[in-house]
Every structure is written in C-alpha cells, then in structure tokens.
Amino acid sequence: QVKLEESGGGLVQAGGSLRLSCVASPASFTTYGVGWFRSAPGNEREFVAGINWSGSYPNYDDSAKGRLAISRDNGKNVVYLQIDNLQPEDTAVYYCHGDPPEGTGWFSYWGQGTQVTVSS
C-alpha cells in the first residue's frame, strides 16, 4: 500500500508562487512515475505536470508550461511542484498521483489533495 500526502497549498495573491509537496510511503514509491493534477469547482480533474521515476523526464500541460517546475527527491520520497506567477484561474485542489512501473500490475494511487486559492 502506497500513501501519498500533499501539502504546500494555501491562499496567495495573483503573481505569487507556491511549492507543493507530495510525500509518499513506503520507499518502493521511488519506482513510480508521479503526476500532479488539479480539480476546480465545476471542472473535471486535469493534468498539470508529471515526472518519471528517476526525475529525468518532466512534462507539463502546455497551457501553464512556462510557470511550472516539477522535481523529485527519491532520497526523501517527495515530489515537488513549483508554480510561479499564480493566477486566479489556478485556483483548484491539487492532487498527486503515483503511477506504477509498466507491466508490474501494481495499483496507482491518489493523494487527498491540497487547496490552492489565488486572489486577484
């Protein structure tokens, strides 16, 4: 069983920055790819950014690509999402998702989410 816990959300003014964290247990999580998704009221959950198990291949949603940076520290079992120049439309609950190595048959996992609210 893998448990994911997000943190780092909060209330921030437009133009500000936040760094979200996704801490995972147990250590085998280091073999998982991780994605960040967000869900705003009335909208479906959408992809924001993802990173492979080693951290060598980050990828981003094109609409926010220049404002995002995803990284991971496998020694600490944590994945970060840096969001700069936040805008009111970034207001959402942000979730991390653990994607197991292909072919293992292991489960994927979601965290409970962290709220990001951006005021204008």
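Is Val-23 buried, exposed or partly exposed? Select it and take a look: at 41% relative accessibility, Val-23 counts as partly exposed (buried means under 20% relative accessible area, exposed over 50%, partly exposed in between, with a 1.4 Å probe and protein chains only).

Before moving on, a word on what you have open. This is a predicted model, where local features need pLDDT of at least 70, side-chain atom pairs count only at pLDDT 80 or more, and totals for chains, interfaces and linings use all residues. Residues are numbered from 1 along each chain as its sequence is written, and side-chain values use heavy atoms, leaving out hydrogens and water.

Stay with Val-23, which sits in strand β3 (strands are DSSP runs of E, at least two residues, numbered from the N terminus). Show Glu-5 too: its C-alpha atom is 5.3 Å from that of Val-23, though the two are 18 residues apart along the chain. Now pick Val-78, the bridge partner of Val-23 in β8.

Next, select residues 18-25 and 78-83. These are β3 and β8, paired antiparallel over 6 bridges (two strands pair if DSSP finds at least two bridges between them). Widen the view to the open sheet of 4 strands, antiparallel and ordered β1-β3-β8-β7. At the edges stand β1 (3-7) and β7, each with a single partner strand, so one side of each has no neighbour in the sheet.

Last stop: Arg-67, in the loop between β6 (58-60) and β7 (68-73). Arg-67 is buried, with a relative accessible area of 18%. Zoom in on its side chain, where a polar atom lies 3.1 Å from the backbone oxygen of Asn-85.

Notes. Polar contact = N/O pair within 3.5 Å; in protein donor to acceptor, adjacent residues only side chain to side chain.
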